[in-house]
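This report walks through one structure in short sections. Keep the sequence and the 3D view open while reading.

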Amino acid sequence: MGARVRDHDEVVVVSVFDRAPDDRVQVLDVDGQLVGDVPDLSDAELVDLYRHLRLARHFDERAVNLQRQGRMGTYPPLAGQEAAQVGSAFALADGDWIAPSYREHAAVHVHGLDLSDILLYWMGHGAGGWDTDANVLPAAVPIATQIPHTTGLALASKLREDEAVACAYFGDGATSEGDFHEGLNVAGVFDVPAVFVCNNNGWAISVPRERQTASSTLAGKAAAYGIDGVQVDGMDPLATYAVTRAAVAKARDPGDRPRPTLIEAVQYRFGAHTTADDPSVYRDEDEVAAWRQRDPIPRLERFLRETGRLDDEMVDDIEASVREQVTEAIDRAERTPRPGPEAMFADVYAAPSTELRAQRDHLNRLRDRHGDDAFLKE
Amino acid sequence: MSTETQNLTLVQAVRDALRTEMQRDEDVIVLGEDVGKNGGVFRATEGLYEEFGDDRVIDTPLAESGIVGASIGMAAYGLRPVPEIQFMGFIYPAFDQIVSHAARLRTRTRGRFTCPLVVRAPYGGGIRAPEHHSESKEAFFVHEPGLKVVIPSTPADTKGLLASAIRDPDPVVFLEPKLIYRAFREDVPAGDHTIPLGEAAVRREGSDVSVYTWGAMTRPTMEAAENLAAEGVECEVIDLRTLSPLDRETIVDSFEKTGRAVVVHEAPKTGGLGGEITAILQEEALLYQEAPIGRVTGFDTPVPLYALEDYYLPSPTRIEDGIREVVDFA
């Protein structure tokens, strides 16, 4: 790979990438007042963006309750993080790829995953909840492992001379893993059309961001890989949209800039790491309360109302339709029959080995002999 | 040794072993993700941060290779690090450090440097956990020369084996059956308490068939054995406790008595420890063998998500069936 010749005087392809790593991009301030340029979204698209934030919040509340009621397994909540997910996913084209972590329910839904399929995964159905044509990889549960995959998706797109951009989502903790370094390094070397969205929510379970790295920003790490890094207010849906859109445009048509971008979306998880976590052990309620003041939903709502794009009636309609949509998704997931044990043996290989078929047949004989109740604890 | 006891769960016994060893030896250091202020996601290190401070109970960045790699350096320097990997399914970034370095530092330096660390990790299924949280991949580590591998099944054993692992001069992978972290309590000796590594425990004596198991599978195996006793089949249940090195003597002695054997483990069948135990019996006691040696194991599939894990994990019904097949062989 040859060195990239760059002339800063001449090229200002996307000025957002010329900012200092700690110069956080914002379009709406915490009160929903415009402090930047409104991105190129129609009024209807802006309202749809708002609706997706409400949908994500309501989905999340219901999912946490399902877990509490024993109707679902351990679940990682996203409340507080809707803007970064929805805003960034809005900037992707249909053919683009997403390699998500386990908390990106809103981003993958925007990109085409059905809510009921997302629920089925957390209800333990596994591949039973995988029914989509969208270019979304399964959620990566080990940390940062999806980052090199994203580099590979983007490299493949480049080698094939396709338009597709690959977008990774991961948390602040993931930046401490070797896979983060390797994925971004390879992306830089091969100048691949990738966007790396770091949803920095301040906490990796109990470990605060300051303890993950001595670097003052995560965006600044991009410099080590020769790629662009930018920090954005991750609770500002318009800013996350605008920055991701610029990064996606640059990935497709880089001009003199590197194609890959690391976006550090600064935000906060209002709730627990997962429903198995108790954040009161490691963080103060005052801190949570302070971040709740930056809640993305009222911010966007206020902006849309004050600019005449949204009124009470529309908000009521959105509220009702969001509730209906989530209820339908839950009903559909709960009506889905529990997968049979054959599902465990399916899709291990393209063609099952003799041994695997023998194990499946043996289990089926045991089920005939003893009945399924002999196996199921519940 | 103290005669006082405390009534502890298995996870409390982990904590008691760590605390006792940290009080005994100031070189013992606990490190890992969320082990400090949070006390560990399973609360295995609860209270240690408050008692010993953040120099000895270290919350690390989210970096398994970094945690174990740094532990190797600390161990070579003379400390006794006890790194925690939050779930066994997340151990793989550290795999290179464990097998390429921890396991062979002694060999490569002819004993000049050693690696007395203990990598702790909860393992196994059955708690309705998310994907990658239920793995049972002990065979990877048993396969690696230079490592010791320990899996306890009771609170008292947990304390005694973990204390021995910490005092051991070589690296130990200590896998904790999280399914039974809080399943039952047992009297555990207070204060100093060790159980030698490399010694299996006979959990139940019997003359008809030897059943070898460990960790979380010990309880369903015992349940199956009791059910079969009602039918007149007497199982001898051997809890291996240390998987590397294996207690060949206890394994073979039991088989010479019964002539029949079944191995129960939740790891996949192919390449699992069941094959190794079968080979030991073939090598050392072929002429005692009266039936094919049975294996009741997890299947050769990825661990399924929780809607199917009850089928995946050997249940008392499956274990009983497997034992009966071996006992009925004429």
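## Confidence in the model

The structure is a predicted model. Its scores are ipTM 0.93 and pTM 0.94. For chain B the average pLDDT is 97, and 99% of the residues score at least 70.

## Where the chains touch

The contact draws on 40 residues of chain A and 34 residues of chain B. On the side of chain A that touches chain B, the elements giving two or more residues are helices H7 (209–212), H13 (342–345) and H14 (354–370) of chain A. H14(A) supplies the largest share of this side, six residues. Sorted by class, the side of chain A that touches chain B has 22 nonpolar, 13 polar and five charged residues.

## Strand S10 of chain B

Is S10(B) enclosed or open? Five of its five residues are buried, so S10(B) is largely enclosed by the rest of the structure. In a regular strand, side chains alternate between the two faces of the sheet. Here Val209(B), Val211(B) and Thr213(B) point one way, while Ser210(B) and Tyr212(B) point the other way.

S10(B) runs parallel to S11(B), and five bridges join the two strands. In this pairing Val209(B) has Cys235(B) of S11(B) as its bridge partner. To get from S10(B) to S11(B), the chain passes through H8(B), and this β-α-β crossover is right-handed. S10(B) also runs parallel to S13(B), with three bridges joining them. Val211(B) is opposite Val262(B) of S13(B).

## Helix H12 of chain B

H12(B) covers residues 316–328, which makes 13 residues. From first C-alpha to last it reaches 18 Å, close to the 18 Å expected at 1.5 Å a residue.

Which residues of H12(B) are buried? They are Thr317(B), Arg318(B), Ile319(B), Glu320(B), Asp321(B), Gly322(B), Ile323(B), Val326(B) and Val327(B). What do these buried residues pack against? In chain B, their partners are strand S10 (209–213), helix H8 (218–230), strand S11 (235–239), strand S13 (261–268) and strand S14 (294–298). The buried residues of H12(B) also pack against H14 of chain A, the helix that gives six residues to the side of chain A that touches chain B.

## Helix H3 of chain B

Helix H3 of chain B, residues 64–77, can be checked in the same manner. Its 14 residues should span 20 Å at 1.5 Å a residue, and its end C-alpha atoms are 20 Å apart, which agrees. Just after H3(B), Gly78(B) has a positive phi of about 125 degrees.

The buried residues of H3(B) are Glu64(B), Ile67(B), Val68(B), Gly69(B), Ser71(B), Ile72(B) and Ala75(B). An α-helix has 3.6 residues a turn, so residues three or four places apart point the same way. The buried residues of H3(B) pack against strands S2 (28–32), S4 (80–84) and S5 (118–123) and helices H4 (95–101) and H5 (105–108) of chain B.

## A buried residue in chain A

Leu115(A) belongs to helix H4 of chain A, residues 115–122. Leu115(A) has 23 other C-beta atoms within 10 Å, and is therefore buried; the cut-off for buried is 20 or more.

Apart from neighbours within four places in sequence, Leu115(A) is in contact with Phe59(A), His109(A), Val326(A) and Ala329(A).

Most residues other than glycine have a negative phi, and most peptide bonds are trans. Glu161(A) is not a glycine, yet has a positive phi of about 60 degrees. Glu161(A) sits in the loop between helix H5 (146–159) and strand S2 (166–171) of chain A. With 6 other C-beta atoms within 10 Å, Glu161(A) is exposed.

Asp347(A), also not a glycine, has a positive phi of about 65 degrees. The loop between H13 and H14 of chain A holds Asp347(A), which is partly exposed with 13 C-beta neighbours inside 10 Å. In chain B, the peptide bond from Ser244(B) to Pro245(B) is cis, with omega near 0 degrees. Pro245(B) is in the loop between strand S12 (242–244) and helix H9 (248–258) of chain B.

Conventions
Residues are numbered from 1 along each chain as its sequence is written. Chains are lettered from A and ligands numbered from 1 in the order in which they are written. This is a predicted model: local features need pLDDT of at least 70, side-chain atom pairs count only at pLDDT 80 or more; totals for chains, interfaces and linings use all residues. Helices (H or I, at least four residues) and strands (E, at least two) are DSSP runs, numbered from the N terminus. The expected span of a helix is 1.5 Å times one less than its number of residues. A residue is buried if 20 or more other C-beta atoms lie within 10 Å of its own, exposed if 12 or fewer, and partly exposed in between; C-beta atoms are placed from the backbone. Two residues are in contact if their C-beta atoms, placed from the backbone, lie within 7 Å. Ala, Val, Leu, Ile, Met, Phe, Trp, Tyr, Cys and Pro count as nonpolar, Asp, Glu, Lys and Arg as charged, and the others, Gly among them, as polar. pLDDT is the predictor's confidence in each residue, from 0 to 100. Two strands pair if DSSP finds at least two bridges between them. A crossover is right-handed if, with the strands pointing away from the viewer, the path from the first strand over the helix to the second runs clockwise.
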